[in-house]
Amino acid sequence: MSEKLSFVQPTPNSPWGTYLQQVDRVVPYLGDLAKWAETLKRPKRALIVDVPIEMDDGRIAHYEGYRVQHNMSRGPGKGGVRFHPDVTLEEVMALSAWMTVKTAAVNLPYGGAKGGIRVDPKKLSLKELEKVTRRYTSEIGIIIGPHTDIPAPDVNTNGQIMAWMMDTYSMNVGGTATGVVTGKPLHLGGSLGRVKATGRGVFVTGREAARRLGLDLRGARIAVQGFGNVGSVAAELFAEAGAKIVAVQDHTGTVVNENGLDLEKLIPISRTVAGCVSFKGGEVVPNEQFWDVACDILIPA
Ligand SMILES: NC(=O)c1ccc[n+]([C@@H]2O[C@H](COP(=O)([O-])OP(=O)(O)OC[C@H]3O[C@@H](n4cnc5c(N)ncnc54)[C@H](O)[C@@H]3O)[C@@H](O)[C@H]2O)c1
């Protein structure tokens, strides 16, 4: 009845391929609503932009950026922006679709969207990072806005980047537009508790799952893959509840301590460029061994 999309080639394990299978799995339970499954299998709008910037050494570099609005039937698009060299249109499409499902599942008046730039921000100076962010925001400015699509922080983006996005959008529309992004700094209209909100959500979900399973969090062993904004905050909250963080993995490698890692020391070190492997209070092991560490709760963050 409907053609497959020509602009992505999903495989069974790729992000969009995984999402399509998830839609197929729920179709038998949808009754009359099943006729909308095809709508969920295509994004409403997908924008690909070139992000050219002048580097500190005078070269002109180009980065590929995306903003995908999967569905906005229930409200403005909502979803983060990630900066990562491996981001693809397909990945952003899948993440935008999962945002549609997530906002609907908790009955928020938002749709689903997501954005990204194929860039390694760790290789940019602060000035270059600002230029990439501002140019990207200008390019996607034709489809974002407080009533259409509201970006937020995601992998490798934070309050500072949201502030640049808000400022660029505001400059372009000729007025202060605080509502164009969430995750802004407090003094620009951001919300108290936002920085820790996602990690706290992971903790609350884990705590409730443990309660239902009869698992006592005191002494429970936790392994965390991805130790940025979400993973490190979730780890802190589990540790506060008496659990032991026995393994942590970030992009620099894996550190393990069966007796529990000292988060007060590990977190500040993991935020430096040296990452979690420079922490001395545990054993650094090859990444594959992360999966051999015995744990009660695994947090993929
Ligand atoms: N920040 C938010 O508010 C938010 C909201 C919703 C969902 N999320 C999701 O939470 C996840 C983490 O986001 P974040 O904001 O903490 O990002 P972040 O950039 O703060 O942290 C990402 C972490 O992942 C690690 N990492 C990157 N590549 C890795 C690899 N190949 N192997 C192991 N570790 C690797 C990094 O070193 C870093 O510790 C993402 O999937 C994101 O979509 C975040």
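A nonpolar core is a set of buried Ala, Val, Leu, Ile, Met, Phe, Trp, Tyr and Cys residues joined through side-chain atoms within 4.5 Å, where buried means under 20% relative accessible area (1.4 Å probe, protein chains only). The model is predicted, so local features need pLDDT of at least 70 and side-chain atom pairs count only at pLDDT 80 or more, while totals for chains, interfaces and linings use all residues. Residues are numbered from 1 along each chain as its sequence is written, and side-chain values use heavy atoms, with hydrogens and water left out.

**Nonpolar core**
- The largest nonpolar core has 27 residues, and Tyr63, Tyr136 and Met165 have the most contacts inside it.
- Among the elements giving two or more residues to this core are strand 2 (60-71), helix 4 (126-140) and helix 5 (159-173), helices being DSSP runs of H or I with at least four residues and strands runs of E with at least two, numbered from the N terminus.
- Helix 5 gives the most to this core, with six residues.

**Ligand contacts**
- Of the 17 residues around the ligand (a heavy atom within 4 Å), those that come nearest are Asp154, Asn156, Thr198, His251 and Ala301.
- A polar side-chain atom of Thr198 lies 2.7 Å from an oxygen atom of the ligand, and for an N or O atom in the side chain of Arg194 the distance to a ligand oxygen is 3.1 Å.

**Position of the ligand**
- Because domain 1 (15-190) and domain 2 (195-300) both give residues to the shell around the ligand, the ligand lies between them, with domain bounds taken from an automatic or database domain assignment.

Methods. A polar contact is a pair of N or O atoms within 3.5 Å; within protein, one must be able to donate a hydrogen and the other to accept it, and residues adjacent in sequence count only if both atoms are side-chain atoms. Buried means under 20% relative accessible area, exposed over 50%, partly exposed in between (1.4 Å probe, protein chains only).
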